[in-house]
Amino acid sequence: MKKILTSTIAIAMIFAAFTSCNNSGKTNGQSGALSSNVAEKVYVAPGEYDEFYAFISGGYSGNLTVYGLPSGRMFKEIPVFSQFPTSGYGYSEETKPMLNTSHGFIPWGDSHHPDISQTAGEIDGRFIFINENNTPRIAKIDLKTFETTEIIEVPNSAGNHSSSFVTENTEYVVAGTRFSVPIPQRDMPIKEYKGNFQGALSFISVAPETGNMDIKFQVLMPGFNYDLSHPGRGKSHGWFFFTTYNTEEASTLLEVNASQNDKDFIAAVNWKKIEEYVNNGGGTMMPADYAHNVYDEHTHTATSTMKKEVRVVNPSEVPGAVYFLPTPKSPHGCDVDPSGEYIVGNGKLSANLTVHSFTKMLAAIEGEKFDGEAYGIPILKFEDVLAGSVEQPGLGPLHTEFDGKGNAYTTFFISSEVVKWKLGTWEVIDRKPTYYSVGHLTIPGGNSGKPQGKYMFAMNKITKDRYLPTGPEMEHSAQLYDISGDKMELLLDFPTHGEPHYAAAMRADLIKERSQKIYDLEDNKHPYAAKSDDDTKVVRKGNEVHIYMTTIRSHFSPDNIEGIKLGDKVYFHVTNLEQDFDVPHGFAVLGQNTSELLIMPGQTKTSVWEPTKVGVWPFYCTDFCSALHQEMQGYIRVSAANANTPLIWSMGEDIESKQFLKLRGILF
Ligand code: K7E
Ligand code: CUA
């Protein structure tokens with residue numbers, strides 16, 4: 001107990017020290033920034049475009065936000081794991097299935113690491129993947145439409161954190177468990193954790209053409225915590241590296257009990273070898289429940305399928321596929337340089353940064369120079385795999401990125417700074433403070449063989465006095481640095497949403513050219529679509545009423561509906577007939593039980609309404625779409641359950657003629 005107290009106090013003291021130091025460091029950073037022409041470097045004139053897209057994880061918002069660099073302007077929030085009333089994602093009938101899991105409908109998620117698809121080791125801008133930590137899932141977002149189009153749940157996993165990183169041809173998006181758990185899940189005493197819990201590393205295949213995801217196999221590892229991961233590339237393509245902590249296998253007071261071992265491990269997994277084994281029928285199909293949710297662009301509708309089994313592989317079945325590289329003191333980040341030679345393990349409690357050599361690792365494996373084993377997995381000798389270490393670069397290292405010019409940039413949470421150092425010589429070249437307490441950092445092209453350099457941005461955990469106060473809660477702050485010179489230069493602070501962990505960024509051109517402007521109405525295969533005003537109708541099926549409705553500037557059709565009764569379930573299936581870029585219409589009805597709908601040109605979306613009161617209730621367009629947007633409204637009459645009000649619907653019938661409207665240019 002005494003030991004526990006001492007270390008807790010020590011940690012608290014370190015924390016106090018860096019917090020006060022941060023506050024005094026602020027003025028330096030500001031005067032530094034003001035002393036040069038930084039304003040010009042981030043100024044994107046009105047009407048001009050940013051050079052880079054940045055996709056910043058929304059952390060506990062469950063979503064992904066899109067920014068431009070260097071301006072730091074926010075362009076969009078893409079809903080992924082959380083319901084999003086702004087667009088109706090997770091509320092509309094079409095998108096609710098996206099949030100289905102084996103635990104039922106989950107309206108929220110915690111997203112950490114976005115990663116963009118790659119071809120031949122280069123970012124290709126087709127898809128972006130992101131993990132959900134809490135109820136383990138991996139999502140895919142199509143960068144043509146910026147819509148979440150697929151979510152796959154990850155069974156046998158808990159705290160899906162060492163995710164979602166893609167291999168150099170997007171063969172796999174990889175997801176590793178942070179928390180080890182009983183596999184299969186069962187009722188057992190927590191104290192029996194050690195030796196009984198396991199950690200699953202999941203390899204989710206991505207079909208080359210369609211991008212469809214499927215869990216190809218899971219490697220069932222010892223019951224450690226698998227914190228972060230990165231793929232090998234170039235010479236190390238075919239391997240994947242995972243940092244571990246809690247190799248002590250503690251189940252309580254981990255801040256002390258999981259900090260006992262001098263070294264934890266980086267697990268090196270030869271996935272090519274396991275893939276081959278699996279392709280030849282290796283592994284075991286194990287019962288597992290997990291949801292696979294797919295959004296179809298043509299029906300504008302998601303479907304959720306519950307999968308029943310998953311292929312698992314024990315490392316012992318495939319000799320030579322998994323090794324442990326000892327790495328000091330609870331490493332967090334696990335980063336591989338663009339050449340694929342260096343694997344950086346950032347020991348949170350270590351004085352030095354450890355860098356392993358892939359070439360040395362292969363030689364050590366070849367020479368069978370082992371330092372014992374853990375659960376049958378060979379442990380390589382630390383000295384045999386060590387490429388070098390960066391001596392005392394800072395306190396509390398977390399994550400490392402590379403500029404493709406032989407330099408690495410590591411964040412230090414405790415000393416609150418980014419440190420630039422040289423691969424191969426391990427010398428520190430530059431350091432710059434961050435405000436405050438940096439987590440991840442991103443260089444465009446980050447996880448790839450070809451980083452795109454120019455900028456680096458740090459995502460900070462504590463904001464404090466950087467912005468005007470907004471009550472006890474401040475949005476997290478990101479900081480943009482110019483890294484084109486020898487020294488980093490702080491250019492800009494910009495607020496981010498939720499708690500960004502990692503971000504993926506890339507040059508804008510590829511995405512910009514492919515970006516979709518509308519959905520083709522001809523191509524709309526939604527079963528309840530009305531493709532013209534002539535297709536609109538209202539159909540009763542028992543107590544379900546289906547309204548096939550259209551929108552176009554500036555009316556709904558129908559806009560008068562009668563014959564709804566209390567106890568009815570009213571489905572508004574709204575099709576936006578527009579075929580113009582950036583002309584959505586909205587739909588909201590008084591007392592709506594869900595959220596509004598925001599319907600893109602050519603799209604159909606459905607809102608369900610269960611009226612609770614008799615009356616005549618208005619509905620309207622929520623998106624200011626035209627000069628007569630305010631006229632874009634209608635009424636729906638709700639009668640008592642036993643009333644005889646006939647089901648009728650109309651649009652424009654109390655005005656002399658539609659011709660009149662056409663003449664006035666109101667009706668198109
Ligand atoms: Cu360091 Cu979730 Cu990548 Cu946060 S994690 S910082
Ligand atoms: Cu349609 Cu406003």
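Select Pro184 to begin: this residue sits in the loop between β12 and β13. (Strands are DSSP runs of E with at least two residues, and helices are runs of H or I with at least four, numbered from the N terminus.) The peptide bond joining Ile183 and Pro184 is cis, with omega about -5°. Before you go on, note that this is a predicted model, in which local features need pLDDT of at least 70, side-chain atom pairs count only at pLDDT 80 or more, and totals for chains, interfaces and linings use all residues. Residues are numbered from 1 along each chain as its sequence is written, chains are lettered from A and ligands numbered from 1 in the order in which they are written, and side-chain values use heavy atoms, leaving out hydrogens and water.

Now pick Ile190, in the loop between β12 (181-182) and β13 (197-206). Is Ile190 buried or exposed? Ile190 is exposed, because its relative accessible area is 60%.

Pro70 belongs to the loop between β2 (64-69) and β3 (74-78).

Next come two residues with positive phi. Thr170, in the loop between β10 (165-166) and β11 (172-176), has phi near 55° and is not a glycine. Thr170 counts as buried because its relative accessibility is 8%. Tyr375, in the loop between β24 (370-374) and β25 (377-380), has a positive phi of about 50°. With a relative accessible area of 47%, Tyr375 is partly exposed.

**The sheet around β28**

Colour β27, β28, β29 and β30: in that order these four strands form an open antiparallel sheet. (Two strands pair if DSSP finds at least two bridges between them.) Its edge strands, each pairing on one side only, are β27 and β30 (428-433). From one strand to the next, the twist averages 20°. (Axes are lines fitted to C-alpha atoms, for helices over the stretch in contact, and angles run from 0 to 180 degrees between N-to-C directions.)

Zoom in on β28 (residues 407-412), where six of six residues are buried. Asn407, Tyr409 and Thr411 are on one side, and Ala408, Thr410 and Phe412 are on the other.

Follow β28 to its partners. Strand β27 (residues 397-402) pairs with β28 in the antiparallel sense over four bridges. Pro397 has Phe412 as its bridge partner, and Thr400 has Thr410. The hairpin of β27 and β28 has four residues between the strands, and Gly404 in the turn has a positive phi of about 80°.

On to β29 (residues 417-422), which runs antiparallel to β28 and is joined to it by six bridges. Look across from Ala408 and you find Trp421. This hairpin also has four residues between its strands, and Ser416 takes a positive phi near 55°.

**A second open sheet**

Select β31, β32, β33 and β34, which form an open antiparallel sheet in that order. β31 (438-442) and β34 (489-495) are the edge strands, each pairing on one side only. Neighbouring strands here are turned by 25° against each other on average, direction ignored. Three bridges pair β31 with β32 (residues 455-460) in the antiparallel sense; Leu441 has Ala458 as its bridge partner.

**Ligand 1**

Which residues are around ligand 1? Show His112, His113, His161, Leu228, His332, His399, Gly439, His440, Lys461 and His501. (A residue is near a molecule or strand if one of its heavy atoms lies within 4 Å of it.) At least three residues of this shell come from each of domain 2 (37-78 + 395-516) and domain 3 (86-329 + 374-382). (These bounds come from an automatic or database domain assignment.)

**The nonpolar cores**

Finish with the largest nonpolar core, which has 43 residues; Phe203, Phe217, Met221, Phe241, Phe242, Phe324 and Met361 touch the most other members. (A nonpolar core is a set of buried Ala, Val, Leu, Ile, Met, Phe, Trp, Tyr and Cys residues joined through side-chain atoms within 4.5 Å.) Strand β17 (residues 263-270) gives the most to this core, with five residues. Another core, of 26 residues, lies apart from it and includes Ile123, Leu143, Ala302 and Ile511.

How values were computed: Buried < 20%, exposed > 50% of the residue type's maximum accessible area, 1.4 Å probe, protein only.
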